[in-house]
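Work through the exercises below with the sequence and the model open. Each task is followed by a solution in steps.

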Amino acid sequence: MVASPVEPEFRGARRRLVEALQDKGIKDLALLRAIDSVPRHLFVPPTVRHRAYEDSALPIGSGQTISQPYVHARAVEQLMLTGREKVLEIGTGSAYQTALLAQLAAQVFSVERYRDLLDRARGMLQQANARNVSLSLGDGTLGWREYAPYDGIVVSAGAPHVPPALEEQLAEGGRLLIPIGDKDDQMLTLYIKRGGQLERRDITPVRFVPLIGAQGWPG
Ligand code: SAH
């Protein structure tokens with residue numbers, strides 16, 4: 001991660017966020033280290049930068065939001081990454097979670113449907129020196145077939161059901177995290193592929209922006 005001139009100002013705040021997440025039950029040490037090192041304040045618009053280390057969602061433009069750190073942490077923790085995995089992320093948004101994943105997995109593939117968000121994400125990830133990330137503009141409900149299967153898939157927008165393309169592109173033993181529900185409230189849901197079937201586990205209630213696409217909500 002490239003040091004920023006404003007960095008020291010935020011280090012204490014970031015450490016307090018890590019402690020708050022530990023208090024809320026996040027245990028994965030590699031993940032906590034990643035949260036301690038990724039400068040979240042650079043991934044949010046300047047107008048909300050002073051709030052970057054609150055445990056809350058914030059607006060990032062195009063009507064989208066960067067998720068609450070606790071929700072990112074709960075989702076990424078469920079992927080149980082060891083550093084060897086290939087991960088697909090749907091909904092790059094601010095690219096903050098992408099930067100976390102880049103530290104925790106071998107390769108990260110991330111799909112976003114808004115060009116302006118993706119362009120900004122590309123710049124951020126270059127600045128963060130995250131060389132193991134590939135970005136694609138398009139409908140993530142269809143996954144990214146070229147690099148499938150994935151050991152982990154994390155969907156950062158709320159869906160009515162599991163998009164069949166994502167189920168197909170999940171490796172055997174792979175873990176898929178996706179908020180499932182209606183447009184306002186969802187359950188962050190973990191699916192593990194065993195014997196070609198998805199086993200389901202509810203993780204925590206969440207509120208994400210809708211997943212819009214051919215196998216999600218209509219646009
Ligand atoms: N993890 C991101 C979440 C951003 S909000 C962050 O914390 O910054 C969810 C993102 O999903 C938005 O950027 C939205 O544009 C994107 N999105 C919604 N439907 C999508 C789809 N079908 N394919 C790709 N991206 C999608």
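**Exercise 1.** Find which strands and helices each supply at least two residues of the lining of the largest pocket.

Solution. Helices (H or I, at least four residues) and strands (E, at least two) are DSSP runs, numbered from the N terminus. The model is predicted: local features need pLDDT of at least 70 and side-chain atom pairs pLDDT 80 or more, while totals for chains, interfaces and linings use all residues. Residues are numbered from 1 along each chain as its sequence is written, and side-chain values use heavy atoms, leaving out hydrogens and water.

Step 1: E2 gives the largest share of this lining, 3 residues.

**Exercise 2.** Identify the residues of the ligand site that make polar contacts (pairs of N or O atoms within 3.5 Å; within protein, one must be able to donate a hydrogen and the other to accept it, and residues adjacent in sequence count only if both atoms are side-chain atoms).

Solution. Step 1: 25 residues surround the ligand (a heavy atom within 4 Å); the closest are His-72, Ser-94, Glu-112, Gly-140 and Ile-212.

Step 1: Gly-140 places a backbone N or O atom 2.8 Å from a ligand nitrogen atom.

Step 2: from side chains, an N or O atom of Asp-139 is 3.0 Å from a nitrogen atom of the ligand, and one of Ser-156 is 3.3 Å from a nitrogen atom of the ligand.

**Exercise 3.** Locate the cap at the N-terminal end of H2.

Solution. The cap is Asp-28, with a side-chain oxygen 3.1 Å from the backbone nitrogen of Ala-30.
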